[in-house]
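Thanks for coming. I will go through some salt bridges and then a hairpin.

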Amino acid sequence: MRRARSPRRSVGRAVAATLLAAAPLAAQTPPAAADSVQLPALPTALAPDEPCTPASSETAREQTWTRQALGLRRSWSLADGHGVTVGVVDTGVGTDIPALEGRVEAVGDAGTDCVGHGSFAAGLIAAAPRQGVGVAGAAPAARVLAVRGTDKRGKAAAKQLADGVRAAVDGGARVVYVGRAVPDGKAELTAAVEYATQHDALVVAPFAPDALPKDSSTGRTSEPAPRYWPAAAPGVLSVMDYGPDGTRPKDAPQLKGAKLAAPGDAVVSVGPSGSGHYIGSGSSLAAANVAGAAALVRSRKPKMTAAEVARQLVTAAYPAVPPRVDPYAALTAVLPDKQGTVPSPPPAKLPPQASPQPLNRALLIAGAGGTLVLLVAGAAVVIPRGRARGWRPAGGAPERDSAT
């Protein structure tokens, strides 16, 4: 994930920005400005000699911009994620986080999180609102199943992510959040997503990495891959990030193909332990917000299949490119049972071939009428001239009286 724009970044930039007009629910009052707390930046991965990410000693007390941009207060009047387990396939999720207390289970050693990224994502998905704290997850009553999808320093590999997806499904997750995007592993990750689909679990993943690696020899940012996995696999709900002003950071990978967009830049969530908060940016965090929205829909409409939940989120989203997730609209929109199709026109019905008899009769009558007209016209010319000539043939001398 991209580092924050400075080692320590003011929460004020994250929560005081006015929501852009095109953002979902932008007609609401902009969120209140935060106090002057400085939050530490969340790392994506750690160097081999870097210590584990500690608990943050700072707390965001005002509502974050993402909470109002997503319309969570209205959504919670309809659903809160109760009864839904979300698998978090990432760096692990700490079990000593008050906002997630009693709702985190772990597969293997995923109950520890040295990096903090998985815990941060879990907070965006399911952190419970607390008195005097402005941070809350999209589905605050959902349960979290922590599954390790990276090594303990945050380095991801396709096989480990694929195994993590399967483990989350086997653990009962109905929504599976994958916190990484890798340029390889097409076969492994496509098979893992297919396994999730067969078990009616919706996979949500970032459409691209939070930041592209730099070439060690030139220091230049590497070119993005044509596609990333598991986001490119059929059935995955791929997500792109946007910030408080509706744009993406200049250093964000510029790719197309995301099915949804969600708040992901300058977002605030919990750390790997304790009650303090971190600030972070990236499509992986936007995907966590969408995973929480999916948990809301599955909580309110438990009979919906994973594919129907994905369609509900995309179709009810705020129109943009890509559409911007709107949890409240997804909870309230009534869509047709099946997607509409363009109807095929009915086959043309040609009348039986007309009988030729009326036409022949009409032609015969017209012909006879025409002949009669010609005869009458000829007679009108010939008869007067014949009378004038005494009916003599043309060129003949007039007859003389025999008496003379």
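**Salt bridges and a hairpin**

Asp109 and Lys152 form a salt bridge, with 3.9 Å between the closest N and O atoms. The term means a side-chain nitrogen of Lys or Arg within 4 Å of a carboxyl oxygen of Asp or Glu. Helices (H or I, at least four residues) and strands (E, at least two) are DSSP runs, numbered from the N terminus.

Before going on: this is a predicted model, where local features need pLDDT of at least 70, side-chain atom pairs count only at pLDDT 80 or more, and totals for chains, interfaces and linings use all residues. Residues are numbered from 1 along each chain as its sequence is written, and side-chain values use heavy atoms, leaving out hydrogens and water.

Lys152 is exposed, at 51% relative accessible area, and Asp109 is partly exposed, at 38%. Buried is under 20%, exposed over 50%, partly exposed in between (1.4 Å probe, protein chains only).

The whole structure has seven salt bridges. Another one joins Asp90 and Arg180, at 3.3 Å from N to O. Asp90 is in strand β3 and Arg180 in the loop between β6 and α6, so this pair ties together parts 90 residues apart in sequence. Asp90 is buried at 0%, and Arg180 is buried at 8%.

Now the hairpin of β10 and β11. Six residues lie between the strands, and Gly274 has a positive phi near 75 degrees. The strands run antiparallel, joined by four bridges; pairing requires at least two in DSSP. Ser269 is opposite Tyr278.
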